[in-house]
Amino acid sequence: MADDESRSGKYRRLRVIVFALVALPIAGLGELLKKQASNSWLVLAGAMVVAAVSLWFTDIRRFVDWLLEWVEERYRAVSRRARWIAAGVLVLLVAATAVVVVRPFGDDDGCPPTTELRILTSPEGFQATRELAGEYARTTARANDGCPTVFPFVYAADTSAVSSALARQWADGKTEHPYVDLGPRPDAWLPDSTVDVRQVRDILARTLPDDLTANGRLPAPLKLITPIASSSIVLAGSAVPATPPDDAATLSGLVSRLLAKPKPSLSVADPESSTAGLLAATGYLHDAQNRLVDPAVARQRQQIVLASTASADDEASLLCAYLRTGRAPAAVLTSSRTWQRLLKGRTLGGTGCRAPVNAPWAPTSLTSEGVEGPVLDHPFVQFTWTSSRHNRAVDGFRDWLRGAGGRYLAEVGLAKPRNDCGALDKNPCVPEDLAATLELYQQAKLSGRVLLAVDASGSMTEGVGSGKGTRFTVATQGVVEALGQLGPHDEFGLWSFPNARGRSSPQLAGIAAGSPQHRKAVVGALRSVDPAGVTPLYATILAGLREVSGGGDAKRIRALVVLTDGEDTTSSLSLQQVAREVRKLSAASDVRLHVIATGDARCEEIPGREGTGLHLLTDAGKGECLSASPGKVPRTMAQLFTTLWSGR
Amino acid sequence: MKRLLSGPVAWFTLGVLAMVVTASVRSLIDQPPPQPQGGELVILTGEDESTGKQRQVLVNKWNLENPDTPARLEVLSRSSDEQHSEMVARAQSDSPNVDVYNLDVTWTAEFATAGYIRALDESVDVSGFLDAPRKTCEYDGKLWALPFNTDVGLLFYRKGVSQNALPATLPPDPNDVRALVAANPNLKAGFVTPLDHYEGLTVSALEAIWAEDGDVYDAEKDLVVVDSDGVRNGLKKLADAMKSVDSLPPAVDPQSRGFREDTSRAAFQRGEVALMRNWPVAYGQLRTGDRPMTDFDVAPLPGEGGSVLGGQNLAVATGTKNPQAAQKLVEFLTSEESERTLFRDGGLAATRTVVYDDPQVRQLRPYAPVLKDALVKGKSRPVTPHYALFSSIFQDIVTNALENGGNLPPDAVTRLTKALRGQVV
C-alpha cells in the first residue's frame, strides 16, 4: 500500500515535470511568433498555436497519464539494450530541438525591420517636418523596447514641381522624371496649405469626368486631408509695433498703416514660388477692410516690396538673406512658423543658411495676436496608392500628430491645428479671393530686362543622369523652359562664356523683346555652341552687369543671371574684389545678379573659411544664389525666371 | 487508436493542422511557386554615373540576346538616401514590381534579413570575383547578390611630391607636412578627406581608426569595441591634425569638416593640399573638365589599416515572378565581359580579378594595378541589418569627438550597441 502511494506520488511529480517540459516551449513558441510577426497573417498563425496548446491543456492530465502509461508499458516490454538505444535517440531528439529553438535567439538581429515612411513636404516646412517625424520615430521606439517601428524619410519639393507629378501618379512624363528629379513616391505629403492641394485637385479635375470631383470629392490619388497644425501669416520686424493699434483688426489693416508711413519697407517671399508668400501677399494687396486694393495702389505697394526685398523664392531664403547681413528686417510678412524658428535659433533650411546660435535681432516685434489674417493650415495628405503596410504607418503618424505629438508642435514653431480649416474650398484659413489676389499681383509686377550668361566651358560636357545628355544640353533645356514664361514686354538676351571659336564677344543673342522670332533665335544660337575651354566667370559677371544696366527704364527689373558649373579659372581678381565691383555696379544701376551654381560651383560659404562661396557675389548684387544638381538645372532656372518676369 | 484520436492529441493535431494550412495559404499568396516564364525584368537602380552609360549598354546587349525576358533599368535619384528609401518602401509594398535591386554594399544585410531579396542558387560560380567585393554579397552564410561594381579609397598625390615625402600613415604627421611644404610652400594643408556630416564622415573616421589598429565593431564577438586606445588615438590624431604645429600648415585641412568628395577634389585641384583621399572615379573627373589635371598620381592608402570598400551589388528580389531569369540577368551583368565593359569604357571599378590584368584595360585605365592592390586591402564597414541607423549614430559620435579633441562621448558604446540592433536611445 505504502509502495503504491509512494509510486503514485512519484507519478504526480513526474507528471508536473513532463507537463512543464512539453507545454511551456510550445506555448512560448506561439507567443514568440505572435510578438515577432510583422503582419496579421503571422500573428494569426501564432495565435492558432497558442489556441492549439490551450485546447490541449484542457485535457493535459489525461494525456500525461496516458503518455506515462504508454512509456512504462513500452519500457517494460523491451530489452535492456533497446532501452539504451531509446535513451540515446531521446537525447539526440532533445539536442536537435535545442539547436532549432536556441539558434534563432543566438542569431538575434535585434529590432525587426522598420516600415519606411516617405514624407514629402515643402522646402519651407522641411526642417519642422523632419523634427516632428524624428520625434515620432523615437516615440514608437519607447513603446517597443527601444525599437522604432517606422523609419521616416523626409524630403522636400515645391508644389509647382510636385503637383503635376502627383496628378500623374508619380509616373514619368515627357520631360519629367519624378523618381530621379524629386525623389521617392510619397506615402504622405505635408504641404504648407490646402492651397497646394487645390493645385493637384485642379489638374486632376481638368482630366477626369465631373462626377469624380463633384461635391468636394477627392479624386485619386488624393485620399484624405487632415489638418495637423496651423501657422498664421504675421507682420514682424524692427519697425513693427509690439501691439496692434485698436483700429487695426486685420492683417491688411496693419500693413496698410505701415505702408502709409514715410519711407516704408516691407519684405515678402515670392507669391508665385511660395504658398506662404502668396498668402502673405494678400496682406499688402488688400486694404484695411479686406478689399482688394486699386491696381494703381497695388503697383505702388509692389514697388515698395520690390525695393525692400532681397530676391527670394521662399520665406526661408528671405530671412536667411537678413541673417547673413546681421540686420533685422524693418517689416516682413511671413509665417509665424518660420519667424518662431528663427527666433528660437532653429535651422530654417535653404542653401548655406545656418541656424543662428543665439536668438537674433532682439528686440523685434511680432504683431499677430488677435488680428484676423490668412493662416497656413498644414494639411496632412494621404494617397490611394499607398500599400496597406505603409497606410498603417501613415495613419499612425497622422494620429500621433493630432494627439500626443501635438505637444511638439510649438517646439518646431507650429501652432495647434484649426479644425475649421482643411477643406479644399470654403476654407476660413484661406482668403476667398486668392485667385483675384494673384491676378492683381501679376498685373502689378513689372516687366523684366534679363541677360542670361551660360557657362560653356569644357566641364559642361560632363554627362547628367540616364540619357539626359550633358550639363550643357540640360542647361539648354532650362533656357527653353525659361523662355516659355517670357511675357511680351519682357526683354531677354543670351551670352555664353568663354567666347566660342570665331566669336570676339560672349553675346549669342542681344537683349530684345520676347517675340517668337527672338526666342527662336536665342535657342538656335545656344544649340550651336560647342562647350570647350576655360571659365572666365568674374569677367563675364562684370561685363554682363554693365550690359544690362545700359538699357531699359528704371521701373523695369533688370537682372543678370549666370549659370556656372565651376569656379573662375582666368581672373587675377579675388572673389572679394569682384564682390566689391558687383556691389558698386549694382548700386549704381539697380541691376541684380543671380547665380545658378551646379557641378563644382558652390553658393554657400565653406565652413570655417569666411569669404568663400558665390553667394558673396549675389549678396552684393542684391540677388540670389541657387544651388542645383545638374539634372535639376531646368527646374531651378524656370523657377528663377518666374520670379524675374514677375519683376522681383 | 480510438482513444488517441478522441483525446488531447486530436485537439492539438487539429490546431496545428489549421496553423499549417494558414501558413501555406499565406505562403502561396506571398510567393507563388516560381515558374520559368517570359516577361520584362525590372532593375531598380540609382543613376548611372559611368562614362557613356555603360549599364544601359549592357542591358541593351542582354535584351538582344534574351528577347523573351528583356530587362529595363528603372532609375532612381542619384542620392543614395533617396534610393534606399524608395527601394525599401518598394520591397515592403503589396506589389513591388521589381526583379533585381542594385544595392549599395552596406544594404545587403538589411535586405536579406528583412526578406526583400532571395539567396542565390548554390550553382552560381563566384570564383572569378575579387574577395572583398564578393564578401559584401554574403550574409548569414548565404550568397545574396553578385558584385556589380566596387569602390575603394585611394591616395591622390601631386607628382611634385617625391615618393619619399609620401606619408607612411594617415593623417600625415608634422614631419610629413614639413616634407610636403618643402615641395610646395603654398600649401594650406597637407591632406584632405571628406568630413562633412554624411556617409563620408563614417568612411574617413573608420579609416583613421583602422590606421591606429583600432576598430568600432568586432564582428566575431558581436561587440562594439569603440572604447579602445586605437579608436581614441585615431580620432585624436584626426582632430589634432587639423591644428597647425610649429608654424606649419595643418596636416589635415580644417575645411574638410565641410567637405564631401567633390569639394575635396576642388581643394586638391586648386593646389591647396598635396594629398587627397577619394574614390577612383575622381581620377577621371580630375583629368577632364575645363582645368584638366595631369600632374597627379594615385596610390593605395598608406599604412596597414586599409580603406573602406564601397560599390553596388545586384540582388534578386523576393517578389520576382521569374527568379531564374533574374538570376541569369544578374550573372550576365556581373560576367567577366560585362565587368570589362563597365571598367574599361565606363570607369566603374570592376569586381572581377581578370579585368585588372587585361592589357587593353591597363592601357585605358593606367591606375588599374594600384586600384587592384587597394581593393585587396579594402575592408567592409560593420555588417548589420541596421547599418543606416548605425552610421548616423556613429557620425554624431565622431562629430562630437572631433569637437572635443578626439574624446568620445560617455554613452558612445551604449548608443552604438543599441544602433547595431536597430534601437534608439
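Here are legends for a few close-up views of this predicted model.

A quick note before you look: residues are counted from 1 along each chain as its sequence is written, while chains are lettered from A and ligands numbered from 1 in the order in which they are written. Because the model is predicted, local features need pLDDT of at least 70 and side-chain atom pairs count only at pLDDT 80 or more, but totals for chains, interfaces and linings use all residues.

**View 1. Chain B as a whole.**

Domain 1 of chain B takes in 41–150 + 309–376, and domain 2 takes in 154–305 + 386–420. Bounds like these come from an automatic or database domain assignment. The C-alpha centres of the two domains lie 28 Å apart.

**View 2. Where domain 1 of chain B touches domain 2.**
Here 14 residues of domain 1 of chain B are in contact with 12 residues of domain 2 of chain B; "in contact" says that C-beta atoms, placed from the backbone, lie within 7 Å. On the domain 1 side, helix H5 (108–113) and helix H16 (368–376) of chain B are the elements giving two or more residues. The largest share, 4 residues, comes from H16(B).

**View 3. An open sheet in chain A.**
Five strands line up in the order S2-S1-S3-S10-S4 (chain A), with mixed pairing; two strands pair if DSSP finds at least two bridges between them. At the edges sit strand S2 (150–156) and strand S4 (222–227) of chain A, each pairing on one side only.

**View 4. Zooming in on S1 and S2 of chain A.**
Strand S1 (residues 115–121) of chain A runs parallel to S2(A), and 7 bridges join them. Which residue in S2(A) is the bridge partner of A:Leu120? Look for A:Tyr155.

Note on methods:
Contact = placed C-beta atoms within 7 Å.
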